[in-house]
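Subject: Handover of a structure

Dear colleague,

Please find below the sequence and structure that I am handing over to you.

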Amino acid sequence: MSSDTGRLAHGQITHEIIGAFYDVYNALGFGFVESVYANALALTLAKRGVQFERERLLPVRYRDVLVGEFRTDLVVDGKVVVELKAAERIVAAHESQLLNYLRSSGLSVGLILNFGPSATKRRLIWTGNRIDVSDMNG
């Protein structure tokens, strides 16, 4: 991890999550369904002593009326929404999904972790009026 860990919003938490992500990816590789990776990541985070919730239910409101709800894959330490994928690559629809999760949860930092042919990750920060996307690969 770069020396920027301390300066990034929730940098230490995202550092732990990404470390766990690579532990799982290196052990399991590519080709399983998302739920297998979710289970393995949960075990790895728990072993590292990282607090998290799986499948937190979030409301969707339209004009202050509840119109639905959805479940996040993980919320880590009550601060970072994690969306897991097992896809060829991260696409705009994945970013939109995470952005909606951030808006609905009131949280500002999210990670997309893709257990695809190559391990990829993307960080989104929602400031309330704009989104910053960081491709964290390479």
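Leaving aside its neighbours within four places in sequence, Leu-41 is in contact with Ile-17, Ala-20, Phe-21, Val-24, Leu-74, Leu-84 and Leu-113; contact means heavy atoms within 4.5 Å. Please note that this is a predicted model, in which local features need pLDDT of at least 70 and side-chain atom pairs count only at pLDDT 80 or more, while totals for chains, interfaces and linings use all residues. Residues are numbered from 1 along each chain as its sequence is written, and side-chain values use heavy atoms, with hydrogens and water left out.

Buried means under 20% relative accessible area, exposed means over 50%, and partly exposed lies in between (1.4 Å probe, protein chains only). Helices (H or I, at least four residues) and strands (E, at least two) are DSSP runs, numbered from the N terminus.

**Strand β6**

Why is β6 largely enclosed by the rest of the structure? Seven of its seven residues are buried, so the rest of the structure largely encloses β6. Val-109, Leu-111, Leu-113 and Phe-115 lie on one side, and Gly-110, Ile-112 and Asn-114 on the other.

β6 runs parallel to β5, joined to it by six bridges; two strands pair if DSSP finds at least two bridges between them. Within β6, Ile-112 is the bridge partner of Glu-83. With β7 (residues 119-126), β6 pairs in the antiparallel sense over seven bridges, and Lys-121 in β7 is the bridge partner of Leu-113. Three residues lie between β6 and β7 in the hairpin that they form.

**Two loop residues**

Glu-55, in the loop between β1 (52-54) and β2 (57-62), has a phi near 50°, a positive value in a residue other than glycine. Arg-63 has a phi near 50° and is placed in the loop between β2 and β3 (65-71). Is Arg-63 buried or exposed? Arg-63 is exposed, with a relative accessible area of 69%.

Yours sincerely
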